[in-house]
Amino acid sequence: MEGRIGPNAILRTLEALREQEGEPTAQRVFRAACLARYLDNPPAGMVPEGEVAALAGAVERELEPEIADAIARESGRRTAEYLLAHRIPALFQRLLRALPVAVSGRLLVRAIRGHAWTFVGSGRLSLNWRGGIRAVIEDCPLCGDSEARIPRCLMFAATFEHLCRRLIDPEAKLRDLVCAAAGGKDCAFEIACGRAARDGKGVRV
Ligand SMILES: [Zn+2]
């Protein structure tokens, strides 16, 4: 059975397209993804993961690579802001900000694990903390084995990066993103936090 994903991926991408590229471009991309119905009636609940994959593909194919990259990052940033405003309890956020990076990072990883399916649908997300977050998505529903000019799962990675910046370390950095749609075996990335973000070294795995 096809997996389902929270509607943020569609809602936040629509916002990013409208604000950064304008309404005509938003309409062109949503039409290319066969999702034009969402332009006037945005989804209110979970959506089939195939719709999110179609939209990620349309962003990547219809836009210049640097614009597609910027839209994916902005969609991820907006998704993280939504989660902070509506899904992650304020008390837990204050706790994470008050604790040392190594402790808050582990707590955040544990909290995200419990909700992984709302991000990756039928894909399998594994998360570990090793001086930063190491994420691997097997069978990523956005990426499959297609050929893409930019990683189609960049929006996921950007969501994690922004969550880490707001909760763990303001200088957290996304690094070493590989994508099954752009030549990788699985989709994987690291969010370097704390000393790992400052000394330029990768996350220890
Ligand atoms: Zn990917």
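A crossing of two helices is right-handed if the near helix is turned clockwise from the far one by less than a right angle. Keep that in mind. This is a predicted model.

Start with helix α5. It covers residues 65-86. How far apart are its end C-alpha atoms? They are 31 Å apart. At 1.5 Å a residue, 22 residues should span 32 Å, so the two values agree.

Now, which residues of α5 are buried? Among them are A68, I71, A72 and E74. Then comes S75, G76, R77, R78, T79 and A80. L83 is buried too. What do the buried residues pack against? Their partners are α1, residues 8-21, then α4, and α9, residues 154-167.

Take α9 next. Two packed helices are described by the angle between their axes and the distance between the axes. For α5 and α9, the angle is about 50 degrees, and the axes are 7 Å apart. That makes the pair oblique. And here is our definition at work: α5 passes α9 in a right-handed crossing. Who makes the contact? On the α5 side, the residues are D69, A72, R73, S75, G76, R77, T79, A80, L83 and L84. On the α9 side, they are L154, M155, F156, A157, A158, T159, H162, L163 and R166. By type, this contact has 10 nonpolar residues, five polar and four charged.

On to a second pair. Helix α2 is residues 23-32, and helix α4 is residues 49-62. They pack at about 125 degrees, with axes 8 Å apart. So α2 and α4 are oblique to each other. The crossing of α2 past α4 is right-handed. From α2 we have R28, V29 and A32. They meet A58, V59 and E62 of α4. That contact has four nonpolar residues, two charged and no polar.

Last stop, a strand. V136 sits in β4, residues 132-138. What does V136 touch, leaving aside neighbours within four places in sequence? The contacts are S126, D186 and A188. I150 is 14 residues from V136 along the chain, and their C-alpha atoms are 17 Å apart.

Definitions and conventions. Residues are numbered from 1 along each chain as its sequence is written. This is a predicted model: local features need pLDDT of at least 70, side-chain atom pairs count only at pLDDT 80 or more; totals for chains, interfaces and linings use all residues. Axes are lines fitted to C-alpha atoms, for helices over the stretch in contact, and angles run from 0 to 180 degrees between N-to-C directions. Helices (H or I, at least four residues) and strands (E, at least two) are DSSP runs, numbered from the N terminus. Angles under 35 degrees count as roughly parallel, over 145 as roughly antiparallel, 65 to 115 as roughly perpendicular and the rest as oblique. Two residues are in contact if their C-beta atoms, placed from the backbone, lie within 7 Å. Ala, Val, Leu, Ile, Met, Phe, Trp, Tyr, Cys and Pro count as nonpolar, Asp, Glu, Lys and Arg as charged, and the others, Gly among them, as polar. The expected span of a helix is 1.5 Å times one less than its number of residues. A residue is buried if 20 or more other C-beta atoms lie within 10 Å of its own, exposed if 12 or fewer, and partly exposed in between; C-beta atoms are placed from the backbone.
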